[in-house]
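Please open the model in a viewer and keep the sequence at hand.

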Amino acid sequence: MAKTRVTYFDFAGGRGEEVRLALTIAGLPFEDNRIDPKTFGQMKADLPFASLPILEIEGHGVFGQTNAILRLIGRQHGLHPLELFEAARHDALMDAAEDLRHRISPTTQIRNAAEKTAARQQLADDYIPQWAHCIERLIGEGPFVGGAQAGVADIKLYMVDKWISGGNVDDIPTDIFDPYPKLKAVANGIKNHPAVVAWYAS
Ligand SMILES: N[C@@H](CCC(=O)N[C@@H](CS)C(=O)NCC(=O)O)C(=O)O
C-alpha cells in the first residue's frame, strides 16, 4: 500500500482534522505529521498553495486544497459519490462549509473587542441562520448527506458544528444549530462513528 502522510497543525480541528478523519473512516493507515506553527514559515513557500493541510501519497505527489484532498480520498474509498449529479450536491455542501469559515475566520483578526463582538453577533443574527437553513434543505433524508453511509461532506459539516457548538467562537451561541435537526444528525453521526470514536480514544 502506498505510504500516505497528512501534514497539519497539532490540534483536533480545522481543515487538517477533516483529512485525518476521512482517512480514519476510510480505514487507511497514514502518518499523522503535526507541525509546530513556528516551523510553518520555513515550509510555506514549498507547499502547493502555501497553506495546510497537505496530503502526500507515495508515487503520486503532494496534494493541497482540503476539499480536493477530501474528494480524492472520498472517491477512492467510497466516501464521496461517483455519480455526477449526486456528487454536485455533496460538493455544494463541502464548499458551503468553506464559505462559513471564510465569513467567521476574518473576525478573529479584529483587535477591538466591541467591534469583534458586533461582527460576530451580526453573523449569528443573519448569515449563520441563513447558511444553516440552506444546509438543512440540501441534506435529504439523512442521517448522512448520502443517506445511510457517512462521507466526506458529512465530515465537513461535523467540523463546522464542532467548531461552533463546541464554544470555540466567542459571541456565536453554541446552540445556534439546534433548530436544524438534519445538520445536527449529520454531526452526531460523525461524532459517534465507530472509527471516529476509536480515533479520539487512541
Ligand atoms: N483553501 C485552502 C485554505 C487552507 C488554509 O487557509 N489553511 C490554513 C490553516 S487551516 C493555513 O495554512 N494558514 C496559514 C497561512 O495561510 O499562512 C484549503 O481549503 O486547504
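The stops below cover the domains, a helix pair and some backbone features.

This is a predicted model, in which local features need pLDDT of at least 70, side-chain atom pairs count only at pLDDT 80 or more, and totals for chains, interfaces and linings use all residues. Residues are numbered from 1 along each chain as its sequence is written.

Select domain 1 (4–78) and then domain 2 (84–192); these bounds come from an automatic or database domain assignment. Their C-alpha centres lie 21 Å apart. Eleven residues from domain 1 and eleven residues from domain 2 form the contact, where contact requires C-beta atoms, placed from the backbone, within 7 Å.

Next, select helix H6 (residues 152–165) and helix H7 (residues 181–191); helices are DSSP runs of H or I with at least four residues, strands are E runs of at least two, and both are numbered from the N terminus. The two helices pack at an angle of about 100°, with their axes 8 Å apart. H6 and H7 are therefore roughly perpendicular, a term for angles of 65 to 115 degrees. Axes are lines fitted to C-alpha atoms over the stretch in contact, and angles run from 0 to 180 degrees between N-to-C directions. Among the residues that meet are Tyr158 in H6 and Ile190 in H7.

Move to Pro53, in the loop between helix H2 (37–44) and strand S3 (54–57). The peptide bond from Leu52 to Pro53 is cis, with omega near 10°. Then select Pro143, between helix H5 (113–139) and H6; the Gly142 to Pro143 bond is also cis, with omega near 0°.

Methods
Parallel < 35°, antiparallel > 145°, perpendicular 65-115°, else oblique. Contact = placed C-beta atoms within 7 Å.
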